[in-house]
Amino acid sequence: MCARGHAFDLARRGYVNLLQPQDRKSREPGDARAAVEARAELLAAGVGRAVVDELVRRVTAMHLPPRAVVLDLGSGTGDALGALAGAGSITGIGIDLSTAAAEHAARRFPDLTWVVANADRRLPIVDRSADVVLSLHGRRNPAECARVLKAGGRLVLAVPAPGDLVELRELVQGARVERDRVDAVLASHAPSFCLQERAMVRESHRLEHRELVALLRATYRGARASAATRVESLTTLEVTFASDVLVLALAAPDERA
Ligand SMILES: C[S@@+](CC[C@H](N)C(=O)[O-])C[C@H]1O[C@@H](n2cnc3c(N)ncnc32)[C@H](O)[C@@H]1O
């Protein structure tokens, strides 16, 4: 039931679809099924897992009350919320634009709530109801996060760090560009949020051909033909996975002006 009293049925596949016609820019919005499955395959093999573990560590250290509401924007395969639920009692709500992602997450973690919605718009969550909002390489919506978080709530963000996937990007884009996003992310969240904790998580894997193909699918929309051709000729590549993890605290209302 939403704040305005509307009731929604769970789709037979275990998620709620709240997507409005204006939220769709394509027939299959958000990540395609192939991208979701490729990311799930890599995570199951431990590739890209360090940032999920870091997130679980940071949220566990907050000592949230039982059944605390944790919202994940751009929840993808559901691994982050699933891991948090495995570490303690939470009411987990994942929001993703992709029905393939919601379906995948609902199959793996049926006790959590999975919603298909556009996290760039008004979130389908009542004011001041969430203890924590997560965005793990996902969507960021500072105004809506400030609205839905309880007083004292935390926003936990993971954004690609400069070295993230640099070897793959060099291969695909032909340039070794290393972009630091942290200052821009903090600026877009001020003055509603202030930085509490910051960490960098890094892991490196020598990936075999099959995993490189999966990584390309999971990372680059539609894995452009030129990129696929370059990866096709590779048997192995050492790839860095790096994220900046930021824990932000919601400022008191009089500090948000
Ligand atoms: C890079 S993936 C990250 C997924 C997951 N958080 C993880 O770290 O494995 C980004 C996710 O955001 C979703 N997404 C893209 N645009 C969105 C939007 N406007 N609202 C909600 N989800 C969106 C995609 O479908 C995809 O699952």
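Cysteine 145 is buried, at a relative accessible area of 1%. Buried here means under 20% relative accessible area, exposed means over 50%, and partly exposed lies in between (1.4 Å probe, protein chains only). The model is predicted: local features need pLDDT of at least 70, side-chain atom pairs count only at pLDDT 80 or more, and totals for chains, interfaces and linings use all residues. Residues are numbered from 1 along each chain as its sequence is written, and side-chain values use heavy atoms, with hydrogens and water left out.

The structure holds zero disulfides (pairs of cysteine sulfur atoms within 2.5 Å). Cysteine 145 is in none, and the nearest cysteine sulfur, that of cysteine 194, is 14 Å away. Cysteine 194 is partly exposed, with 40% relative accessibility.

Aspartate 131 lies in strand S5, which covers residues 130-136. Helices (H or I, at least four residues) and strands (E, at least two) are DSSP runs, numbered from the N terminus. At 12% relative accessibility, aspartate 131 counts as buried. Its side chain reaches the backbone nitrogen of valine 69 at 2.8 Å. Contact in general means heavy atoms within 4.5 Å. Leaving aside residues up to four places away in sequence, aspartate 131 touches Leu64, Pro65, Ala68, Val69, Leu149, Lys150, Gly153 and Arg154.

Backbone geometry comes next. Most residues other than glycine have a negative phi, and most peptide bonds are trans. Histidine 137 is not a glycine, yet has a positive phi of about 50°. Histidine 137 sits in the loop between S5 and helix H5 (142-148). Its relative accessible area is 40%, so histidine 137 is partly exposed.

Leucine 165 also has a positive phi, near 55°. Leucine 165 is found in the loop between strand S6 (149-160) and helix H6 (166-173). This leucine is buried, with a relative accessible area of 9%.

The peptide bond from alanine 190 to proline 191 is cis, and its omega is near 5°. Proline 191 is placed in the loop between helix H7 (182-189) and strand S7 (193-208).

Definitions and conventions:
A polar contact is a pair of N or O atoms within 3.5 Å; within protein, one must be able to donate a hydrogen and the other to accept it, and residues adjacent in sequence count only if both atoms are side-chain atoms.
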